[in-house]
Amino acid sequence: MPSPAQTDAVPPGPVRYAREGRIGVITVDHPPVNAIGHGVRSGLVTALETGLADGGADALLLVCAGRTFLAGADIREFGKPFPPPTLPDVVACFDAATKPVIAAIHGTALGGGLEVALACHVRVALRSAKLGLPEVKLGLLPGAGGTQRLPRLIGPAKALDLMLAGDPVGAEEALALGLVDAVEDDASPLEAGLRAAGRLLDGGRVPQPVSARIDRIAGSDPALFAARRADLAKRQPHLFSPHRIVDAVEAAATLAFADGTARERDLFLACLESPQRAGLIHAFFAERQVAKVPGLPPGTPTRDIRRVGVVGAGTMGSGIAMSFANSGIPAVLVDSTQEGLDRGLAAIRRNYESSVRKGRLSATQMEERMASIHPTLSYADLADADLVVEAAFESMEIKQTVFRRLDGICKPGAILATNTSTLDVDAIAAATGRPQDVLGMHFFSPANVMRLLEVVRGAKTSDSVLATAMALARRIGKVGVAVGVCDGFVGNRILHQRGLEAMALVEEGASPEQVDRVLTGFGFPLGHFSMTDLAGIDVGWRIREERRKAGDPEAQATDWLDILAERGRHGQKTLAGVYRYEPGSRSPIADPAVAAVIEEDRRRRGIMPRPVSNEEIRDRCLYVMVNEAAKILEEGIAARAVDIDAIWLHGYGFPSWRGGLLFWADREGLGRIAAAVQRYHRDIGGPRWSPSALLLQCVAEKRPIAC
Ligand code: 3HC
């Protein structure tokens, strides 16, 4: 079908108007995602007015060019004044249109984009389209009538489900919900839209504007809102915008449309002002910014990765193989023993079976994924892998032996990656004759679930190898962050410092439960000691043993955690660690036996316990992290503050509504943090409290550390 000819009436811009027979076509063309910034907003109003005034147009069609329908308001404009027309103004114009308006949706209709479509008379979607109101993920609520129109279209309960989760639904589900009127298979939204418009003009009934409908909201049960509030108070006590969404939908069910819309506006503006909105939007852009590695020019050639290898079928190796299988990349999984291989494969199968039981995966998909993992005892099967990830035991000797072997077997140009979390990637690379092809790919446990991937660039890693690993991270749904070589890289290095501080606080008089309560109160999903139990106390104990042997001044003394490890209290897996656990439960229960071990340890060291305030715990645990993060920046191990923010957001559950560790630090006040670091350096001492020069410099220059 030819594209419609452009009229002279509308000046060139992101929105154009043209006529196709009896249909006036409004096309938004604003790459990359047709975000509704000021230009699009005024273009939409002008094009709509042009179409309404066009005597030859009996109906109007809204379509988008490029890869997607309108992906929502332009997020970059939030926090700045909105010049008119605002998005609610645009939506009101569509709602009041005197000719039928059809929206033809492809790609993703999200947020304000879906709200514009909701103000059209008819919505038709391509089968591949996705529709949603993800504002909650940005600390907002749908602020252009979405909270008022969606309940009128699909009922308040379903509308709340969609808005509180923020996840999009596919076109089929949207049709079943009543969110769209038709689903079309056409490749082109223009064709689908013109056909729908034609049907409407050939005698179809023009539906009422959604704003005028009341059948789905009449007689809404007030208990629905009370139940949602109670659920939110339990599950998301920290978050601001979900509660406002419930308020807005309740207004839709109880007030006239105009009054409900006014209430929505007030609630939207309150969300817009909230620090959580700023934090969540920082987190949104951080995830995208880390993909652009400074010094790695866009367009750096990447290598083709069609088949990968994974060495080691333990917990990490199996999870890594699953990450590839889940993205359609076949993986050869090598282990040194049949028993190890069988155990790994059984774990993978159990994991997939659980997904099938939960309805997240079909039995066929499970079998396809299992079939794409090829278990073997022979390294020779790695000969045609394009990339191999080594996930063997954390020992330099073992890793160097594995890499020597891989170097001899893998084809030229194959990338060799180590999943080490603490060892020197350069020393591992030196065991091969191709250090330019070696780097670290540090997955986080469970590797098939956690989104973070630290991509560790060695001294000799080539640009194309780094670019390939970053692209691969995205392909397998991870957030890849490029980092340099040092002990613990970025994430674990900061975690280590927090761990030392948490231990010091307990020695001085806090209980592990108190420390954990403060951290979960801050917004972490797990406290430090619950996390230790989850990871396994024996794992940390082994690392501390290594550090002690290496003469680390902060790891010399045996501490109460070592005593627990030596007594077989290895954490959740043994139902006893810092806490105890009932069989089959992950809920930590404070254990007097552990309190006694701690007490004994204090006595042995001659420490007189004192009351430690929650504020002191918060400040010491968080400020020590900020100080270490600043040192990491100083040393160039992370190129930007945003890299550190993304690492802690995606690997350690830093609360996303706080934006990220360093974004939060700026808001907390670098001056306050630096003063406290200097005080703790004097009073507590130890390398972890030696103030970062960069931190002090930022304070002296009165500039933020993040942005
Ligand atoms: N505003 C501004 N820029 C946006 C944007 C938006 N709404 N959505 C995406 N972008 C930018 C990204 O930052 C990225 O920029 P970059 O190339 O400079 O890094 C570029 O567009 C491409 O984005 P992705 O890399 O994310 O591309 P994908 O194809 O992977 O994903 C997408 C596309 C699904 C649209 C995804 O970008 C997305 O989820 N965007 C956010 C959608 C959203 O949250 N909309 C609601 C906004 S709030 C709102 O509408 C308020 C209203 O109720 C009043």
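Lys158 lies in helix 5 of this predicted model, and with a relative accessibility of 44% it counts as partly exposed, because that value falls between the 20% below which a residue is called buried and the 50% above which it is called exposed. Between the C-alpha atoms of Lys158 and Val612, which are 454 residues apart along the chain, the separation is 47 Å.

Helix 5, which spans residues 156–165, has a partner in helix 8, residues 222–235, and the two axes come within 11 Å while crossing at roughly 20°. Since angles under 35 degrees count as roughly parallel, helix 5 and helix 8 are therefore described as roughly parallel to each other, and their crossing is right-handed. On the side of helix 5, the contact is made by Pro156, Ala157, Leu160, Asp161 and Leu164, and helix 8 contributes Leu224, Phe225, Arg228 and Leu232. Sorted by class, this contact of helix 5 with helix 8 comprises 7 nonpolar and 2 charged residues, with no polar residue.

Turning to the cysteines, a disulfide requires a pair of cysteine sulfur atoms within 2.5 Å, and by this rule the count comes to 0 disulfides. Cys120 illustrates the point, as the nearest cysteine sulfur, that of Cys64, is 10 Å away, and Cys120 is in no disulfide. Cys120 has a relative accessible area of 1% and is therefore buried, and Cys621, at 0% relative accessibility, likewise counts as buried, because the term applies to values under 20%.

How values were computed. Residues are numbered from 1 along each chain as its sequence is written. This is a predicted model: local features need pLDDT of at least 70, side-chain atom pairs count only at pLDDT 80 or more; totals for chains, interfaces and linings use all residues. Side-chain values use heavy atoms; hydrogens and water are left out. Buried means under 20% relative accessible area, exposed over 50%, partly exposed in between (1.4 Å probe, protein chains only). Axes are lines fitted to C-alpha atoms, for helices over the stretch in contact, and angles run from 0 to 180 degrees between N-to-C directions. Helices (H or I, at least four residues) and strands (E, at least two) are DSSP runs, numbered from the N terminus. Angles under 35 degrees count as roughly parallel, over 145 as roughly antiparallel, 65 to 115 as roughly perpendicular and the rest as oblique. A crossing is left-handed if the near helix is turned anticlockwise from the far one by less than a right angle, and right-handed if clockwise. Contact means heavy atoms within 4.5 Å. Ala, Val, Leu, Ile, Met, Phe, Trp, Tyr, Cys and Pro count as nonpolar, Asp, Glu, Lys and Arg as charged, and the others, Gly among them, as polar.
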